[in-house]
Amino acid sequence: MPPVAPRPGDAIFASVERVNAELFTLTYGAIVRQLLTDLEEVEEVNKQLDQMGYNIGVRLVDEFLAKSNVSRCVDFKETAEVIAKVGFKMFLGVTASVSNWDAEGTACSIILEDNPLVDFVELPDTCQGLYYCNILSGVIRGALEMVSMKTEVTWLRDMLRGDDAFELQVKLLKQVPEEYPYKDDE
């Protein structure tokens, strides 16, 4: 039996420089804790985490495209699969699955069975409205916007709230046509 070829996300994950997972997890936890202290309202923390993630996603997409050697995706379905199988593996070391597509192919769920951001985390009763990993929804939204896809990303399930998985719903709102800042003949 021939050896199984590594999946694209696994090969990229093996070649990418990594930081200690526990250090990353604890640093992220400290950021969330500081936001809770500074902003005091859980909903404001959710917004701030989303905005931080958006800013990261805008910048992260360049590194992803440079290191992943992924060719241009033909549609939103293929883009979602690349995010789940390659993007999550490349940056978090986990593989996600894509399911629950709507009839138009413009909305799906990305499901994470494992999430390194929540190691060592237990939400107190005062933070029950907190989407602790909301930074991930912002990262996806920001990265997709940079490849001309305006999206809405929301949490449907969260293991910190007692669910059996982490599930993000990604809705394509509109495909933005690419614009070039200048013409070739100028």
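## Helix α4 and its end

A helix is here a DSSP run of type H or I of at least four residues, and helices are numbered from the N terminus. The model described in this report is predicted. Just after helix α4, residue G93 adopts a positive phi of about 80°. Within α4, there is a bend of about 35° at I83.

Is α4 mostly covered or mostly uncovered? The helix is mostly covered, with 12 of its 17 residues buried. Among these buried residues are F76, V82, I83, F88 and L92, and K89 is also one of them.

## The largest nonpolar core

The largest nonpolar core contains 38 residues. The members that touch the most other members are F88, I110, L130, Y132, L136, I140 and V170. Elements giving two or more residues to this core include the helices α2 (21-39), α3 (42-68) and α5 (134-146), as well as the strands β2 (107-112) and β4 (166-175). The largest share, 6 residues, comes from α4.

Which residues does F88 contact beyond its neighbours within four places in sequence? They are I83, G93, V94, A96, I110, L112, L136 and I140.

## L168 in strand β4

Residue L168 lies in strand β4. Because its relative accessibility is 0%, L168 counts as buried; the cut-off for this class is under 20%.

Leaving out residues up to four places away in sequence, L168 touches C108, S109, I110, S137, I140, V153, T154 and W155. The C-alpha atom of L168 is separated by 7.2 Å from that of R157, and these two residues are 11 residues apart along the chain.

Methods. Residues numbered from 1 in each chain as written. Predicted model: local features only at pLDDT ≥ 70, side-chain atom pairs only at ≥ 80, totals over all residues. Heavy atoms only, no water. Core = buried A, V, L, I, M, F, W, Y, C linked by side-chain atoms within 4.5 Å. Buried < 20%, exposed > 50% of the residue type's maximum accessible area, 1.4 Å probe, protein only. Contact = heavy atoms within 4.5 Å. Bend = angle between axes of the 7 residues up to and from the residue.
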